[in-house]
Structure formats: structure tokens, C-alpha cells
Amino acid sequence: DKGVSAKDVAIPVESKPGEVAQVDFGYVGQLYDSSVGKLRRAWCFVMVLSFSRHMAVRVSFDQTVATWLRLHVECFEEFGGVVEVVRPDNLKAAVLRAAFTPDEPTELNRSYRELARHYGFKVDPTPPYAPKKKGKVESSVKYAKRSFFIGREEQDVEVVRAALPTWVMETAGRRKHGTTGKQPLIVFKEQEKPLLRPLPSQQFEMVVWKQAKVHQDTHISFDSRLYSVPWRLVGSQVWVRTTSSTVLVYADDQRVATHPRRGEGRRSTNEEHLPEERRAWRHRGREHWERAADAMGPEAGQLIREIFEADDVLYQLRTVQAVVKLLEGYPSHRVAATCARASFYGITSYGRVKRILVNALDMEPLPTAVVASPGRLSSPRFARNVAELITLAGQEAPDEPS
């Protein structure tokens, strides 16, 4: 037996009023959630002030980042101020990577960092495997479970939540604390609350950060919706910062995409994020391509509608897409002439429309249309009258010998 070493000695740490709060979750069994009509696993969240031992308690059905942040905000508001330092356990909502030794870096959850910046407190994570470093909140959680939550298994969570404030103020707050020998609520009101930092004038906007992979379709997934990012990031990991109204995507700490959080449909796509030569192909609806053609002029709009109607069974989408993309590469006067010529000759294939442009046939005038007299039979489109045929025959006849 080597006897007691210096490391075996427990050094009591005294906190000043308004200096430190410890936070943690504790499992309290199943409670009834009327919003889904079933029993669910429930936890109590406790924030205890290290000096006075006064605490704020909440009930939740999860330990997500959003819940973690919201409960901090509610507790600060209940106290009417903010401490200098918050000491959490190493759950992922607070600490992404815990430091086992002083030379190892501690990595905080980005969302928790934003909360700390907004309220102006420092985060001091509990070292791994050192529960005594947050003994005040450990004791407070055990006390709440034994005193308040005992016998409440399967109660309606709203009934439990409604009873909590009275228990915190009248029972927990008025008890004689086993360590301090004083009533936590009295010490809080008289000594600690005046020294808390004031709440920020601006309300905290709930922010959640999450890493996501960019899929082959150039979108990332968050909260059951898909958001586009620049296509060159396909296959890489990005950071997603979300609020109630926006989704921001960061790559190498540079913002690369901004989307509204909500919207029609499951997918939010910025066409600038797609390869330029392929972005138009995502549109499957006829209306989109007709609008694109109309934007180039009435002749183009007419031709595209004619192509759509050229086959009574086959959907002509691919032909239309190819023709529209072809026409977009030419000046407006050539587009108008090409489409007018194609419509005149009943051309509805991509290859023949392209041939008009490649061979510059759009530069040639169309045949003069003959207007039929009322009551007379119209000639077929390519028929010529007798006078024209006689003239042509005379021009094409070989010279007679002299």
C-alpha cells in the first residue's frame, strides 16, 4: 500500500454568486404525450446555480440540439439573468469532442457556441469520467427524481409540467440544503440574482448546425427536405446552419448556399448550383419549355407547341428540350426565321431544325403564300399555277438549233 497520493485528495471548489451553473439530463421514466397519444421516454433537464443551489427544471422527450438550446433559454429567463460559466456534461448537443488531457482540444457543438456568444457565458465541459466535477447538478437531478418525479410514471406530461414551478419554488427552493444549510431560493433572491448578468435585449434565434454530405444530385438532406449546393461539392462534407426561416450551407467556412427553410415541395433547388450545360434537363413539365420558347419570340413558341403536338402518342419532351437548347445559342433574328421556316414546311424534328441553321436556310425568303379567293378551292401548299409552270418550262428547255 503506497498510501494516499496528492491526486486522491478532493479539493472543494467554491463558486461565487452568479459565477457557475451546472446542467444535465436525468431519465424519469415514461410520461404520456397527448400530442401523439402514447407513452414516451422522458427526461428532466436541470440547471442548478452552484452558489445558491437554486435550480430550474424542465421535462423533455428528447435530448436533441434544438431541445438543449431551448431549455437553456427557458432557464435563463426563469432566473432573470445569466451566469459567467455553464458546466455541461459531454453529451453531443454540447460537446463534439471531449478533452481527456490538457493538451487535447475540446470541440464544442457549433449551435452551443452560438448560444454562448449570444448570452455571453463561457462553456466549461466536465472532463470525461469525472462526474464529481458536476456533483451539484448530479445531486439536484437525484433529488428531483426522488422528491418530485416519484410516483408520476405514466402521468400526462402537461400535468407534470404544470406542477413543476410550484415544486421548484415551494419545496426545492424552501428546503434546508444538505451542504449549505440554507434555503436555496432565499440565497438566490438575496445574494445571487443581483449578480447575474442581464439577459440580452435581443431574443436568441434558435440555430442548429449539422454536417451533411452532398449527394450526386447536388443536394444535401436536412429535416426531411433537400437543398442544393454548387455541383462541384458533390461527395464532400459541408456544414448546414439552420434557423426557423433559413438554411445556410458552408464549405471550408465559406457560405456556398442560402435557402428558405420551408417551401412548396420537398426540394429547394438553385439552378445556378447545377452544371450550366445540364441544368435545364431537370424540368419535365411542358409549361416550362413553352415559356422558355415564348421568351425567344412568338415564332419559337409556335414551333415548340407544334412539336409537342406532332405525335398523338409519343411525348415529345426530349425533342423539345434539344430544339430549345439549340435555338438559345443563336441571335433572335435567326431564331425567328428558323422557326417560321420550320413551321411553314411542317418540320418537327431536331435534326431538320438544326439543318436549317447549319445550312443558313433561314436566310432565304419563304415562298410567297397565295391567298385563295372566296368560294374557290385552295391549292395544296406546294402546288404551282399554270403560268408559273409555263414560265419555268421555257426557262429550263434546251436551246433550239438555228
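Here are some friendly notes on this predicted model, point by point.

1. **Ground rules.** Residues are numbered from 1 along each chain as its sequence is written. The model is predicted, so local features need pLDDT of at least 70 and side-chain atom pairs count only at pLDDT 80 or more, while totals for chains, interfaces and linings use all residues; side-chain values rest on heavy atoms, with hydrogens and water left out.

2. **Confidence.** The average pLDDT (the predictor's confidence in each residue, from 0 to 100) is 84 for the chain, and 80% of the residues score at least 70. Please keep two stretches in mind as you read. Residues 96–106 have pLDDT below 50, and this stretch makes 18 contacts beyond near neighbours in sequence, a contact being heavy atoms within 4.5 Å. Residues 391–402 also fall below 50, with 1 such contact in the model.

3. **Overall make-up.** The chain holds 11 helices and 14 strands; these are DSSP runs numbered from the N terminus, with helices being H or I of at least four residues and strands E of at least two. Of its 402 residues, 40% are buried, where buried means under 20% relative accessible area, exposed over 50% and partly exposed in between (1.4 Å probe, protein chains only). Of the contacts between residues at least 6 apart in sequence, 59% join residues at least 24 apart.

4. Strand β1 (residues 20–33) runs antiparallel to β2 (residues 38–49), and 12 bridges join them; strands pair if DSSP finds at least two bridges between them. Tyr32 has Leu39 in β2 as its bridge partner. The hairpin of β1 and β2 has 4 residues between the strands, and there Gly37 takes a positive phi near 70 degrees. Next, β2 is joined to β3 (residues 55–60) by 6 bridges, again antiparallel, with Ser60 in β3 as the bridge partner of Trp43. In the hairpin of β2 and β3, with 5 residues between the strands, Arg53 has a positive phi near 70 degrees.

5. **The four-stranded sheet.** This open sheet has 4 strands in the order β8-β11-β12-β13, with antiparallel pairing. Its edges are β8 (208–213) and β13 (254–260); each has a single partner strand, so one side of each is left without a neighbour in the sheet. Neighbouring strands are turned by 25 degrees against each other on average, direction ignored. Between β8 and β11 (residues 237–242) there are 6 bridges in the antiparallel sense, and Trp209 stands opposite Arg241 in β11.

6. **A helix on that sheet.** Helix α2 (residues 110–119) packs on the sheet, touching β8 and β11, and its direction makes about 155 degrees with that of β8. Axes here are lines fitted to C-alpha atoms, for helices over the stretch in contact, and angles run from 0 to 180 degrees between N-to-C directions. Which residue of α2 would I look at? Glu114 lies in this helix. Glu114 is buried, with a relative accessible area of 18%. Leaving aside neighbours within four places in sequence, Glu114 is in contact with Phe204, Val207, Trp209 and Arg241.

7. **The three-stranded sheet.** Here the order is β9-β10-β14, in an open sheet of 3 strands with mixed pairing. The edge strands β9 (219–222) and β14 (267–268) each pair on one side only. Strand β10 (residues 225–228) pairs with β14 in the parallel sense over 2 bridges, and Leu226 stands opposite Arg267 in β14.

8. **Helices α3 and α4.** Helix α3 (residues 135–147) packs against α4 (residues 157–172) at about 105 degrees, with axes 12 Å apart. That makes α3 roughly perpendicular to α4 (65 to 115 degrees; under 35 is roughly parallel, over 145 roughly antiparallel and the rest oblique). Tyr143, Ala144 and Ser147 in α3 meet Trp167, Thr171 and Ala172 in α4.

9. **Around α8.** In helix α8 (residues 317–327), the buried residues include Leu317, Val320, Val324 and Leu327. Their cover includes α6 (286–294), α7 (298–308), α9 (332–344) and α10 (350–358). Within α9 sits Ser343, which counts as buried at 16% relative accessibility.
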